[in-house]
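Please keep the structure open while you go through them.

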Amino acid sequence: MPAKKGAAEKGGAEKRSAEKDGRRRDANATRAAILESARSAFIASGYEGAGVREIAEGAGVTAILINRYFGSKEGLFAEVLSTANQRPIIATPETLSAPDRAARIASALLKVTEPEATALDGFLIMLRSISNERAVDIARQVVESHHQKNVTEALSGPDAGQRAALLMSLVAGVQIMRQVVGLEALNKGHDAELERLLGDLVARLVDE
């Protein structure tokens, strides 16, 4: 009897553990689905235009679950932006530590803003949410705690923070004028002269 009872208890424990793991996997999948739906909605419509119900429908869940997982629409927006900014494309750690980092940053920026290239998620979300004061506040916090922080740490000198912020401004300006406005002078292809000029500007900010 004791042996049978022990086996039964062990089987029950394994079943409960499997059920718990299943719920955890379902929770992770639900959270990921909400984030993906929100990313698409914020890219298309910005903070104000994306509704919680729309995001919930896109994720196949109820709006209540969004509050349960993220607290509010603001919390969800902050999480989406934070996720989009976690993996730098232009000022990567490898680029920032390279001896020719200015040239690399210029080359990467021109590559991601080519006429046929898809604009970066974080850039589009911030661009289309700029009319909302709270969204701008969240975006500023995300930029300061991610890209600007990483660039500042890679630079040296008492003005490293200001130079990092200016570099972020230069990157955003090129993205807007090249991908959104489409200035002809910046859209003549990825030519060597444009890359050289941009590299010189970036060097003023990142090189000692």
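1. Of the 208 residues in the protein, 36% are buried, where buried means under 20% relative accessible area, exposed means over 50%, and partly exposed lies in between (1.4 Å probe, protein chains only). This is a predicted model, in which local features need pLDDT of at least 70 and side-chain atom pairs count only at pLDDT 80 or more, while totals for chains, interfaces and linings use all residues. Residues are numbered from 1 along each chain as its sequence is written, and side-chain values use heavy atoms, with hydrogens and water left out.

2. The protein has eleven helices and zero strands, these being DSSP runs numbered from the N terminus (H or I of at least four residues for helices, E of at least two for strands). Taking contact to mean heavy atoms within 4.5 Å, one finds that 68% of the contacts between residues at least 6 apart in sequence join residues at least 24 apart.

3. Which residues have the most contacts inside the largest nonpolar core? This core has 27 residues, and those with the most contacts inside it are Ile-34, Phe-42, Ile-55, Leu-76, Phe-77, Val-80 and Ile-125; a nonpolar core is here a set of buried Ala, Val, Leu, Ile, Met, Phe, Trp, Tyr and Cys residues joined through side-chain atoms within 4.5 Å. The elements that give two or more residues to this core are H1 (2-49), H2 (52-59), H3 (63-70), H4 (73-85), H7 (121-127) and H8 (133-145), and H1 gives the most, with seven residues. Leaving aside neighbours within four places in sequence, Leu-76 is in contact with Ile-34, Leu-35, Ala-38, Phe-42, Ile-55, Ile-66 and Phe-70. A second, separate core has 23 residues, among them Ala-91, Ala-106, Ala-108 and Leu-167.

4. The axes of H4 and H8 come within 10 Å and cross at roughly 35°, the axes being lines fitted to C-alpha atoms over the stretch in contact, with angles that run from 0 to 180 degrees between N-to-C directions. On the H4 side the contact is made by Glu-74, Phe-77, Ala-78, Leu-81, Ser-82 and Asn-85, and on the H8 side by Arg-134, Ala-135, Ile-138, Ala-139 and Val-142.

5. Leu-124 lies in helix H7 and counts as buried, at 12% relative accessibility. Once its neighbours within four places in sequence are set aside, Leu-124 is in contact with Ile-43 and Ala-119. Ala-44, by contrast, is exposed, with a relative accessible area of 58%, and is placed in helix H1; Ala-44 and Leu-124 are 80 residues apart in sequence but 8.3 Å apart in space, C-alpha to C-alpha.

6. Asn-132 sits in the loop between H7 and H8, where, at 14% relative accessibility, Asn-132 counts as buried. Leaving aside neighbours within four places in sequence, Asn-132 is in contact with Tyr-47 and Glu-48.

7. Why do the buried residues of H11 line one face of the helix? The buried residues of H11 are Leu-194, Leu-198, Gly-199, Val-202, Leu-205 and Val-206. Seen down the axis of H11, they fall within an arc of 125°, so they line one face of the helix, the arc being that of the directions from the helix axis to the C-beta atoms. On the other side of H11, Ala-192 and Arg-204 are exposed, while what covers the buried residues of H11 includes helix H6 (101-112) and helix H10 (160-180).
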